[in-house]
Amino acid sequence: MSHNSIHWFRKGLRLHDNPALIAALKDCRHIYPLFLLDPWYSNNTCIGINRRRFLIEALRDLDSSLKKLNSRLFVVSGPPTEVLPKLFEEWKITRLTFEVDTEPYSQSRDEEVMKLAKEYDVEVIPKISHTLYNIDRIIEENKGKPPMTYVSFQNVLKDIGPPKKPVPAPTKEDMKGVSTPFSEDHEEEFGIPTLEDLGLDTSSLGPDLFPGGEQEALRRLDEHMQRAAWVCKFEKPQTSPNSIIPSTTVLSPYIRFGCLSARTFWWRLTDVYRGKKHSEPPVSLHGQLLWREFFYTTAYGIPNFNRMEGNPHCVQVDWDNNPEYLAAWKEARTGFPFIDAIMTQLRQEGWIHHLGRHAVACFLTRGDLWISWEEGQKVFEELLLDADWSLNAGNWQWLSASAFFQQYFRVYSPIAFGKKTDKYGDYIKKYLPMLNKFPAEYIYEPWKAPRSIQERAGCIVGKDYPRPIVDHEVVHKKNIQRMKAAYAKRSPQDKDGKTITKGVKRKVTSILDMFEKKAKR
């Protein structure tokens, strides 16, 4: 039987290592590569303009690659449950393929879509390729519960073995006998919108330092893999949060949108490591991919993962509601140059170093401002190019010492931490130019500079740059005691981190149970 197939692109915005796309092409007469610009993308005010630009660039790149295979990308606006049934009928679709997504929103959406597909007699083929592993299998191998420490997670993976190898991108040979019925007015009906089409004001756009798309992702991957010595020596804690040029790969946005396959990255690293001495997880580049997998697993296995209430693994903390402090943090007006520089870079460029994220997250929550990690999570969701539901929630819980990390008494100093890797404050001067004439001894604490120095620098603290909104030395000590009290309220089971599952097999239907059983492993 020859099929009319839709391959539904969601996160996997690439041709390489796309098993669902390959499945769409098997015994296929007509292929319709589809991206749905549903309201989540077009109307969601929680998504910043830098992220939207990255997405539009990734879609343009994908369309360009499809053109080389005599195909095109079809972009359609509207909710999937409304759009897909119309397309099933209009295009006489018999098969729908897509990449598995484990997020709660995606699971709910896909369950509805699968019900509709059944009504229209459309075969559905989902494939796992956004994660290194089948997340269900990791949980099954761990007696039906997600591993809650990185070490226990690694132990489970030892039994499973290495990730599957990536599948090649489709070639013109794969497309023999397969056509994409697109017309001359394709751009008008199914073209990729501009930011202006989406009603966005582009005047606030920062520099396009990390253009979206598969070709750019693969180019950057090649560039990094050629630095074999650097790759082998890489240790995440040894990289700098405030270097002018990023000290890490910045491949995270490409992996988040699926422009780069995590499995492709994994096996390319394996090739570089082979026969050489190299760093190991958790600090190595392999280790970074496993951290991603770890948070995908915990996010999938823990209910209400992105909230404090109803999250059985999260410490319940009496966070303050302080809109003024939250706005000052978000808008880079805390009066602490290191924190404000990081938040400025985030808003302008859409990316900040992992340790920079640590510093600003600790400052917002348990370190200084005592504001809920859920508020910080929202800001990162809006501004980070690589904002990922699972990793964002997991890391915010970690940095606020609400879950995974219990050493709440270890607080990042908004003054001393940055000095370790940028003694003269070059990073601060780049992102806070009003401070660039301050001498190094005052760049992290401009409020301590004598008035004469402030005048010479052309920046009066309290007028041209804000005074600190809190006294770090006082508040962080107070907050340690508040965290201590929150921890004391937990039950003994909570303290051992054992309340999450009690070792019972989950009764919740997994996302893969919704699909064909053959797609499971």
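Helices here are DSSP runs of at least four residues, numbered from the N terminus. The model shown is predicted.

**View 1. Pro312 in the loop between helix 13 and helix 14.** Helix 13 covers residues 285-301, and helix 14 covers 323-330. Pro312 sits in the loop that links them. Its relative accessibility is 30%, so Pro312 counts as partly exposed; that class lies between the buried limit of 20% and the exposed limit of 50%. Ile302 is 10 residues away from Pro312 along the chain. The C-alpha atoms of Pro312 and Ile302 are 7.5 Å apart.

**View 2. Helix 16 against helix 18.** Helix 16 runs through residues 354-367, and helix 18 through residues 389-399. Their axes lie 9 Å apart and meet at an angle of about 60 degrees. Helix 16 is therefore oblique to helix 18. The crossing of the two is right-handed. From helix 16, the contact draws on His354, His358, Ala361, Cys362, Leu364, Thr365 and Arg366. Helix 18 supplies Asn395, Trp396 and Leu399. Sorted by class, the contact of helix 16 with helix 18 holds five nonpolar residues, four polar ones and one charged.

View 3. Thr365 belongs to helix 16. Is this residue, Thr365, buried or exposed? Thr365 is buried, because its relative accessible area is 0% and buried means under 20%. A polar atom of the Thr365 side chain lies 2.7 Å from the backbone oxygen of Ala361. Beyond its neighbours within four places in sequence, Thr365 touches several other residues, including Trp319, Trp370, Ile371, Ser372 and Trp373. Trp396, Leu399, Ser400 and Asn479 are also in contact with Thr365.

**View 4. Helix 15 against helix 16.** Helix 15 spans residues 337-349. Its axis comes within 10 Å of the axis of helix 16. The two axes cross at roughly 115 degrees. This crossing, of helix 15 and helix 16, is left-handed. Which residues make the contact between helix 15 and helix 16? Helix 15 brings Phe338, Ile339, Ile342 and Met343. Helix 16 brings Gly356, Ala359, Val360 and Phe363. By class, the contact of helix 15 with helix 16 has seven nonpolar residues, one polar and no charged.

Notes
Residues are numbered from 1 along each chain as its sequence is written. This is a predicted model: local features need pLDDT of at least 70, side-chain atom pairs count only at pLDDT 80 or more; totals for chains, interfaces and linings use all residues. Side-chain values use heavy atoms; hydrogens and water are left out. Buried means under 20% relative accessible area, exposed over 50%, partly exposed in between (1.4 Å probe, protein chains only). Axes are lines fitted to C-alpha atoms, for helices over the stretch in contact, and angles run from 0 to 180 degrees between N-to-C directions. Angles under 35 degrees count as roughly parallel, over 145 as roughly antiparallel, 65 to 115 as roughly perpendicular and the rest as oblique. A crossing is left-handed if the near helix is turned anticlockwise from the far one by less than a right angle, and right-handed if clockwise. Contact means heavy atoms within 4.5 Å. Ala, Val, Leu, Ile, Met, Phe, Trp, Tyr, Cys and Pro count as nonpolar, Asp, Glu, Lys and Arg as charged, and the others, Gly among them, as polar. A polar contact is a pair of N or O atoms within 3.5 Å; within protein, one must be able to donate a hydrogen and the other to accept it, and residues adjacent in sequence count only if both atoms are side-chain atoms.
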